[in-house]
Every structure is written in structure tokens, then in C-alpha cells.
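Colleague: Could you walk me through a sheet and the helices around it? I'd like to have the model in view first.

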Amino acid sequence: MTRASAINRVTSYFDQGNFRRDLGDLVAFETESQDPAGASELVRYLDEAMAKRLTALGFAYEVHANPIAGAGPILLAQRVEGEDLPTVLTYGHGDVIRAQTEQWRDGLHPFRLVEEGDRLYGRGTADNKGQHLINLAALEAVLQVRGKLGFNCKIVIETGEEMGSPGLADFFRMHKDALRADVLIASDGPRLQPDTPTVFMGSRGGVSFDLSVDLRDGAHHSGNWGGLLADPAMILAQALATITDARGQIRIPEWRPDSLTDDVRRALKGLPIAGSDGPSIDEDWGEESLTPAERVYGWNSFAILAMKSGVPEAPVNAISSHARASCQLRFVVGTDQKDILPALRRHLDAHGFENVKIIPHDRGFFNATRLSPYHPWVQFVSRSLETTCGRTPHILPNLAGSLPNEVFSDILGLPTVWVPHSYRGCSQHAPNEHVLKPVCRDALGLMAGLFWDIGEGDCPKAS
């Protein structure tokens, strides 16, 4: 009955091929939340894949209909061992991004787990089936060795995260008492480097929208009408050029945050950004006065995701009638989310672009959240991970991407600590999604050690 025994048990679970088997079973569920035709598969994932495992672990569970009609169901499970014990809430999402089946390379399929070398391929391996499977397996190892967790545990598995988690905030408000806990410890997103654990405590928010210029019906011959008709693509390009300067530095004052404090700067100092698992970063892009880590984790970034005017695949000699750009702002704490698009409207009008329309996207996005890297729970988790692997974790105040951390931090008022089990080169949201086997094995041991340490009773006390 030792910490090492729990870690050895869960690494044996990996070494004997059981993790691969279980992950393959989860990947086989075609849980694309963006496809309404697959709604029954979301229900089946919770009822069949999750319920069986949680029942075996002594959890009582219920699958709830989403408060928003048509959105995916939400599972809430709990194991209560004592009213005087700390309560850990954990989370995962069973839905995956669109399969993009035709774009996967030969020999791979999004809903069939394929092992090649140190990689396990399949949709959801990284985002997020593999990650919540690791945490469930770690809980199981602690129970097998100790006979109990030593703490209370609550689990939420949703099926709509890839759609912006519709209904999740309403569900949390409706079930706030049932979700009461001392801390959220969950897993999503990538490590900064595959061989070193990462801890982050929130995420950047995001807002996406179209900018559109629509001037007339139909295109007109560029020889007959050139110089007489305003060109929507030129107008849109000029409007976009006012949002940032030539190196991408944001020019809208309301989009420039005030939250890059000394504490955040200290936490980000020296963190690795460039690596072998992604493209080379452009040192001369983004906010000039900031380090690369500060730009991606402590600052806002504006991106043009797509642009179109005319028919780029087959251009003709004509002035188009309209132009459109799909845009996105990723933002950190210190940015007023409600004022992002109004500020953009004021900015465009002030620069003479009243005819550029702003069209918000229907897809939901998450707000920005952040917890101090010096919070007691962050320090506790970091020490536990270091004890297990002998390496100091990388600690981020917030992830560069977005996830529904606000429902935990803002609605439940919890400190939030995320321990990701993927890596930046995993092809998340792209064809050929995969996880690294060494990262999965390492993560199983880290989480078993962490859950063991919480059950020892010397974790931070509720404030």
C-alpha cells in the first residue's frame, strides 16, 4: 500500500497493452458533435463507454439531457468517501472535432486506433478521450492499491466541447450544489515539451467573426468598369490593415490587455516556445516589446483565418461585388469580452470603413480565465508531479487556446489546475491526430502519484 505501488500498477496497465485496448474502444465511438446525425453516438459514449468504467470504480452517475435542446448530453458522477474529506472535481469531453476522413493518410482512419512506433493514431486520442482515460485509469490504480481514494471525487464528461460547450454553463448553474468541490484537476491541451509535465490554470478566450463588404449585385468587367466601381476586396484589405501594423501588433486600444503583471511575467520567463514538434516561430512577428512566451500566453492575438473575393480557383476579368474575411481574436484576462466587437465597430467607423459589416459567428467561444501560478493548489500539484518524474513542471498561468474553464472558475468559484497529456505536434483538430505513447505512460504515473498524494490528506484546505 504505497505510492510507488499505485504508480507501478498503472504503468503495468500501459505496458501490458490495456491502455491501448481501452483507448481503441473509445476512439471507435464516432462522437462528432458538429454532425447532428451523430447525436445518438454521443449518448452511447456516455451510457456504454463511461458508465461501465465509472460503475466499476464505485461512482454513482447520471446522464443528463442538455439544458439547450439539441445539444449533447452531460454525465455527472461522484464517489463520496467522507464529508470531512477534500473533494476533487475532474472533467473531460467525449466529443471530437469533425473526422475529416478523406484527409487522413493511407493506413489511418479517424475512428480506428492505429499504432505506429511511438504514436497512437485516431480521432480523440489527444482531444480528449485519451486524456480523460488516463485520469480514470490513475484513479483506478489508487483504488486498487489503497482500497479507497482518500478523497471525494466528482466527474463531468460533456459531449459538446468542440461546439463551444453549449448548455454547460446553464447545467453548472442548475447543479451547483451537486458540483461543489475544493478544486478542479483535469486534463486537456498539450504539454510545452513532450518530456516535461505542464501545468496551466486557465485559458485564453476567443471571439470569431466575419468582416464583409457587399457593394452591389454581381461582378462587372474590369476593363469597362475598372476605376469606376469601388473594389470590395481593396476596401476590406485596407480595413484589415488598420487592425494591426505590419508585424501584427494590435492597434485597437480596447484589444490591448492590462493583465501582463510582474507575477505573470515571472511565471512565463524562460518557458520553451520553439521546438521540434511544430513550425519555427517568427521572432519578428507580434508585440515587439514582449518575449515569445508573453505574446502567446500573456497577450492578445488577431488572426485572419480565411479570405475570399471573386473565385480564387478560377479568376476572371471582373470586379467582384463582395469580399469576406473570417477573423478571430484570442484574448487573455484583462480584455472586456463584451466590448470586443463594439470596439472593433468604433475603430472601423473612425477610420472611414462604415461599409464594412461585422458578422459574429454562431459557434460559441469561451471567456478568458487565469489563476495565480503561486496558488497553493498549483504548488501542491507541481510538487507532486516533480516527486514522480524528477523534473520541474512548466507552469503556465493560462493555456494559449480555449476551453470551458470559466464554468469552473466563475460559476463554481474553484481553483483550476490542468495537467495536459498531449503535445503540441499531435495534429489536434487536423487529420492524423495522435498521442505519443511515452507521454501517455508518463502521464499515467504522474496522475496516479497526484491522486495518491491528495488522498494522504495534506493537500490545501478549502478557503
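Colleague: In what order do the three strands of the open sheet come?

Modeller: Bear in mind that this is a predicted model. The edge strands are S4 (114-116) and S19 (434-436), each pairing on one side only. The pairing is antiparallel, and the order is S4-S5-S19.

Colleague: Which residue in S5 is the bridge partner of Glu-116?

Modeller: S4 and S5 (residues 119-121) run antiparallel and are joined by three bridges. For Glu-116, the partner in S5 is Arg-119.

Colleague: Which helix lies across S4, S5 and S19, and at about what angle to S19 does that helix run?

Modeller: Within the sheet, the twist from one strand to the next averages 20 degrees. The helix lying across these strands is H13 (residues 437-455), and its angle to S19 is about 65 degrees.

Colleague: How many nonpolar residues does the contact of H4 with H13 have?

Modeller: H4 passes H13 in a right-handed crossing. On the H4 side the contact includes Ile-134, Leu-139 and Val-142, while H13 brings Leu-444, Met-447, Phe-451 and Trp-452, among others. Sorted by class, there are two polar residues and one charged, and the nonpolar ones number 13.

Conventions
Residues are numbered from 1 along each chain as its sequence is written. This is a predicted model: local features need pLDDT of at least 70, side-chain atom pairs count only at pLDDT 80 or more; totals for chains, interfaces and linings use all residues. Side-chain values use heavy atoms; hydrogens and water are left out. Two strands pair if DSSP finds at least two bridges between them. Helices (H or I, at least four residues) and strands (E, at least two) are DSSP runs, numbered from the N terminus. Axes are lines fitted to C-alpha atoms, for helices over the stretch in contact, and angles run from 0 to 180 degrees between N-to-C directions. Contact means heavy atoms within 4.5 Å. A crossing is left-handed if the near helix is turned anticlockwise from the far one by less than a right angle, and right-handed if clockwise. Ala, Val, Leu, Ile, Met, Phe, Trp, Tyr, Cys and Pro count as nonpolar, Asp, Glu, Lys and Arg as charged, and the others, Gly among them, as polar.
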